[in-house]
Amino acid sequence: MMASELVLEHVDKVYRPRGKQPVVAVKDLSLDIRPGEITALLGSSGCGKTSTLRMIAGFEDVSAGAIRLDGKPIHTLPPARRGVAMAFEAYSLYPPLTIRENIDFALRSSRLSAAERKRRVHEVAELLEISDILDKYPAFVSGGQQQRAGLGRALVRNAKLCLLDEPMGQLEPQLRAMLRGRIKHFLRSHASTTILVTHDQTEANALADRIAVMEDGVLQQYATPAELKNRPANLFVGAFIGEPPMNLLAARVDISDSRIRFALEEGGSVLAFTDSEIGVALRDRLRGLERVTIGVRPHALRLGEGPIRARVSSCQWLGDQTHVAAELGTMTVVSVSHEKIRAPAGREITLSIHPNDLHVFESDTGRAIAHGGRMA
Amino acid sequence: MALLEVASLAKSFRKEPVLSNISLRANAGEIIVVFGPSGTGKTVLLRLIAGLEEPSAGAIAIDGRDMADVPPEQRGVGMAFQNFALFPHMTAFENIASPLRSSRANGMVNSGVSKVAKLLKIDHVLSHAPRELSNGQKQRTSLARALAASPKILLLDDPLRNVDAKLRFEMRLELPRLLRQSGSAVLYVTQDYKEAMALADRIAVLLDGVLEQVATPDEIYNAPHSLAVARLFGDPSINVIDSRIEGGRLALADATIPLEAGYSAYNGRDVIAGIRPEAVALASDVNVPGAIAAVVEAVTPLNERTVLLLKAQSGWEFLASLPSSGAAIPEAGARVVVAIRPAGLHLFDRETGRRLSPDGIG
């Protein structure tokens, strides 16, 4: 089976509650989801991600724009004719059916042989580690097991388009990482074009080829997890993606004697870079800008010799990483290391930022200017 | 003498034991995190110490005094809860002041409230009613109320459960200093292992009503007493595989892993091997002792690390967690060779699930 391509063209969703102001849930959304690609719609509640998924599934009309599957408009078709498989968090299992029957039910309208249906149910049950509960009824298994069964019902169909709404929120922490890997492998090997809605960036990063970050109904950036981390389009994406979040520092710009200096407004330290470190293009762009916002990821804020003076407020080791928080004027910055380090509270430390790790944003609009010396 | 002493405490509801043989000490200024999955009796333990439940057996002493006949309000205990439990008809100020009202003059109350409010950065919202506060402010108000009366014992029942991830992270950084300043002995309940490791001087791991291990975060992570404890700490969770110690080595279907000398004492023993994903490293070639050949089934980034789902020749699936910034990360479908760093390899008796100590004792 060939994988499908899904295209959203200038899609709007406006809710018009009677007697109230209209609510714009999704504004001018265009996305091109390639055949076999896994895309995550990521954002906090109310960002428009679930409305988008419901429009693709056919549970909601589009207010404007078009949705095409392999070139054919589907936004006017009833849900059942769109060839879409779904696992919804709130999409409950049928209580009178066993887990096995629930999963098999998704294949009822297929023309598969009984043996093939059995093989497929067995395959997804193994993958999701629910083989031992197949003959139980939903009410008698845990929330995590119910959610895995719901996922099984979506995966078993090998549909052209697979829609997953917060599919892993209830999963047992001991299983989560393993199942993420297996599900990704499964979707890949079945060439299922997949759209995953989640508020959990860990899940989006783990599963998705590309992530569409949404806020207030507007697409902020649609890019790979690495691009979102290394080249966030604006301050919102920069601050939203990454755990712990990016350190953001207001700075005054001073360009003289072929150096660019960023004077941090908190703590008073000055970062100085040469043209060869951050590029002439950035220097020219910064000319005339008085203030910018500097961004640096916690992993890139390095302890040791450096121009930034700060005072340790806490040092926490989490097994595979250390989080050091330090006060810079009235704000707190965070440095993360893969190593175990000890930095007692109260100690004066210095920190550095390698020019390759420096993000520069316009303070007023939040738009990215440059990442690691490369212009945005 | 410890500020809080819990000795052989037990609690049953309708003859169902909920807690058994709990012994725990906490000193002034110490943060003990009571950690375990839901339903293991964490909240019941706090309620027993607060005097809201009566123990079925055992004793609780605070500051050297037995609490058996002491009512809750006289125990010197402050509490905060995950649902905040603020009085809806009172302002934030009055909520924080409520535990001080009976015992102090108004001037003392005012100064007490403003001091703790400042510490928690809510001094600007003291005149607000709870419904006007954000979840973060509610949670700080609830903490401030617990701290206001300078309790000897501070009981915090998953206070960050209902706040968003960003605030939870900020509070995780701030709380240890705040709690230490209070001088109270703190019992802090959570189900989040990272929160437990970040906050605790010692972690008390509670499983099925029994304390499995009470130790520093370091000891819990690097020398878990049992497989059950090992599986609760770490993200991704520890890899687990049945195995056997033969000739001082660990015999897996896919490789023979050299072990520290002390493990020879367990030759012939059936074990469960626990392998931390961050201890699985890419190896240069198959001739490295203990090397395992595998195929990368999936690549799943996890913050600044990348998790690989690997499948060995025998069909064994396991996870490796590599720093994303280090050597090149292989792609899905690639064939790789990995080796296991000894520090992240833990062996447990297959019958009992207890840790086999690398020095051969146990």
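This is a predicted model: local features need pLDDT of at least 70, side-chain atom pairs count only at pLDDT 80 or more; totals for chains, interfaces and linings use all residues.
Show the residues here: His371(A) stands opposite Arg374(A) in β21(A). Strands of a sheet pair through backbone hydrogen bonds, either parallel or antiparallel.

**Where the chains meet**

Show both chains. Which chains give residues to the contact, and how many from each? Chain B gives 30 residues and chain A gives 30 residues. On the chain B side, select the elements that give two or more residues: α5 (165-182), α6 (193-199), α7 (217-222), β16 (292-302), β17 (305-312) and β18 (317-323). Colour that side by class. You get 17 nonpolar, 5 polar and 8 charged residues.

**Two domains in chain B**

Colour chain B as domain 1 (4-232) and domain 2 (239-349). The C-alpha centres of these two domains of chain B lie 39 Å apart. Their contact takes 4 residues from domain 1 and 4 residues from domain 2. On the domain 1 side, the classes are 3 nonpolar, 1 polar and no charged residues.

**One helix up close**

Stay in chain B and select helix α3 (residues 106-119). Check the length of α3(B) from end to end. At 1.5 Å a residue, its 14 residues should span 20 Å; the end C-alpha atoms are 20 Å apart, so the two agree.

Which residues of α3(B) are buried? They are Val109(B), Val113(B), Val116(B) and Ala117(B). Turn the view to look down the axis of α3(B). The buried residues fall within an arc of 105°, so they line one face of the helix. An α-helix has 3.6 residues a turn, so residues three or four places apart point the same way.

Last stop: step just past the end of α3(B). Select Lys121(B), which takes a positive phi of about 60°.

Definitions and conventions
Residues are numbered from 1 along each chain as its sequence is written. Chains are lettered from A and ligands numbered from 1 in the order in which they are written. Two residues are in contact if their C-beta atoms, placed from the backbone, lie within 7 Å. Helices (H or I, at least four residues) and strands (E, at least two) are DSSP runs, numbered from the N terminus. Ala, Val, Leu, Ile, Met, Phe, Trp, Tyr, Cys and Pro count as nonpolar, Asp, Glu, Lys and Arg as charged, and the others, Gly among them, as polar. The expected span of a helix is 1.5 Å times one less than its number of residues. A residue is buried if 20 or more other C-beta atoms lie within 10 Å of its own, exposed if 12 or fewer, and partly exposed in between; C-beta atoms are placed from the backbone. The arc is that of the directions from the helix axis to the C-beta atoms. Domain bounds come from an automatic or database domain assignment. Two strands pair if DSSP finds at least two bridges between them.
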